[in-house]
Number of protein chains: 2
Amino acid sequence: MFLRGKVAFFVTSNVHKFMEARLVFAEYKVAAALLRVEVHEIQDDDIENIAKTSAMEAGGKCNLPVIVEDAGLFIDALGGFPGPYSSYVYRTIGTRGILKLMRGISQRKAHFRSVVAYCDPKGSLRCFNGRAEGRISRRELGTSGFGFDPIFASSNGRGKTFAEMTIEEKNRYSHRAKALREFAKWYVTSFRLRSRY
Amino acid sequence: MFLRGKVAFFVTSNVHKFMEARLVFAEYKVAAALLRVEVHEIQDDDIENIAKTSAMEAGGKCNLPVIVEDAGLFIDALGGFPGPYSSYVYRTIGTRGILKLMRGISQRKAHFRSVVAYCDPKGSLRCFNGRAEGRISRRELGTSGFGFDPIFASSNGRGKTFAEMTIEEKNRYSHRAKALREFAKWYVTSFRLRSRY
């Protein structure tokens, strides 16, 4: 049973992200609540700045301690593309576009990065980072997860793509799970300070 | 000679854009002043929202009537990509990346869109739009201009790319010149109302 009030308010419109977070938080006996708040993401090459700004805006709107997560796929051979704009790139050219851009390129190193930004109603801000190393696969593999999961072969997952893993398995290796875990550890230990919410 | 005070304050860090604006404004006897103000562009699929938000932020910071311009290249066969994120896409995969994505695609229709957002110190906001139709060329042509100009063959410029044109010639057909011209016409006629600045 979760302690009363030990809840992390996750501002997101992405149910996949929320499902991943729910399982990670459960490891720390933290309940996850999905909050839908309209925030204006900024354009910035640094996803930490994007997450921070969104967390401050969301926190200000809700008067609750909130977290926002921002992530990106950074492909070495493409100068870090699609990076902070992964979501838009996914919606337009998609995984097929990335595979086309990577045609004939043998250097397929890539990483996913995630930043979880926490903001409390007093405006205190804290960021937690996660990173997953891997390679862009030659074709789409797997149907789980979302976004670029079918073309990201995780270095730690024996070359399986994130889309070939269950949520539990992906959470062992993923950038997002790592960042969420860092947040959860801190959130649990600093809980007494926040008990007034 | 320009009338005293008939100045448009153009917030941009892109000197090419400023040079284009300067020539367009000269047609209307409006002087262009380049203002460098740090603004946080938002992520939005609609460039009008991006330009508006930036103009409001810049206007608030400077206490001057300012204009901000946002533009994007929208390629039909790529679902509108790179669209509002053209600048980032240019800096990462560049024109070569776009040409690679377009390999084997015969439907090469594209358009450039520009929005000039004006904001005065009282927060009044006005937007002016421009659009240029064209096609993605098979290879880079020309060295003038900036960004995706070398691969955008303008429908009205006898198939020349924007990068094969002088600024004057590009200003005859370009999305940006059209939006700037709409703004300049309005700015000149509404000048008396703004004479207090």
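**The axis and the strands**

Modeller: Let me start at the axis: among the residues of chain B, I42(B) comes closest to the rotation axis, at 1.9 Å (C-alpha). This is a predicted model, where local features need pLDDT of at least 70, side-chain atom pairs count only at pLDDT 80 or more, and totals for chains, interfaces and linings use all residues. Residues are numbered from 1 along each chain as its sequence is written, while chains are lettered from A and ligands numbered from 1 in the order in which they are written.

Colleague: What makes the two copies related as by a two-fold rotation axis?

Modeller: Copies are superposed by least squares on the C-alpha atoms of residues with pLDDT of at least 70 in both. Chain B can then be laid on chain A with a turn of 180° and a shift of 0.0 Å along the axis, at an RMSD of 0.0 Å. The copies are therefore related as by a two-fold rotation axis.

Colleague: How do you know that the copies meet through the same surface?

Modeller: Two residues are in contact if their C-beta atoms, placed from the backbone, lie within 7 Å. By that test, 16 residues from chain B and 16 residues from chain A take part. Because 100% of the interface residues of chain B are also interface residues in chain A, the copies meet through the same surface.

Colleague: Why is strand β3 of chain A called mostly covered?

Modeller: A strand is a DSSP run of E with at least two residues, a helix one of H or I with at least four, both numbered from the N terminus. A residue is buried if 20 or more other C-beta atoms lie within 10 Å of its own, exposed if 12 or fewer, and partly exposed in between, with C-beta atoms placed from the backbone. In β3(A), residues 66–75, ten of ten residues are buried, so the strand counts as mostly covered. Both faces are covered, with V66(A) among the buried residues on one side and I67(A) among those on the other.

Colleague: How do you know which strands pair with β3(A)?

Modeller: Two strands pair if DSSP finds at least two bridges between them. β1(A) has three bridges to β3(A), in the parallel sense, and V11(A) is the bridge partner of V68(A). β5(A) has ten, in the antiparallel sense, with H111(A) opposite F74(A). β4(A), also antiparallel, has two, so it too meets the definition of pairing.
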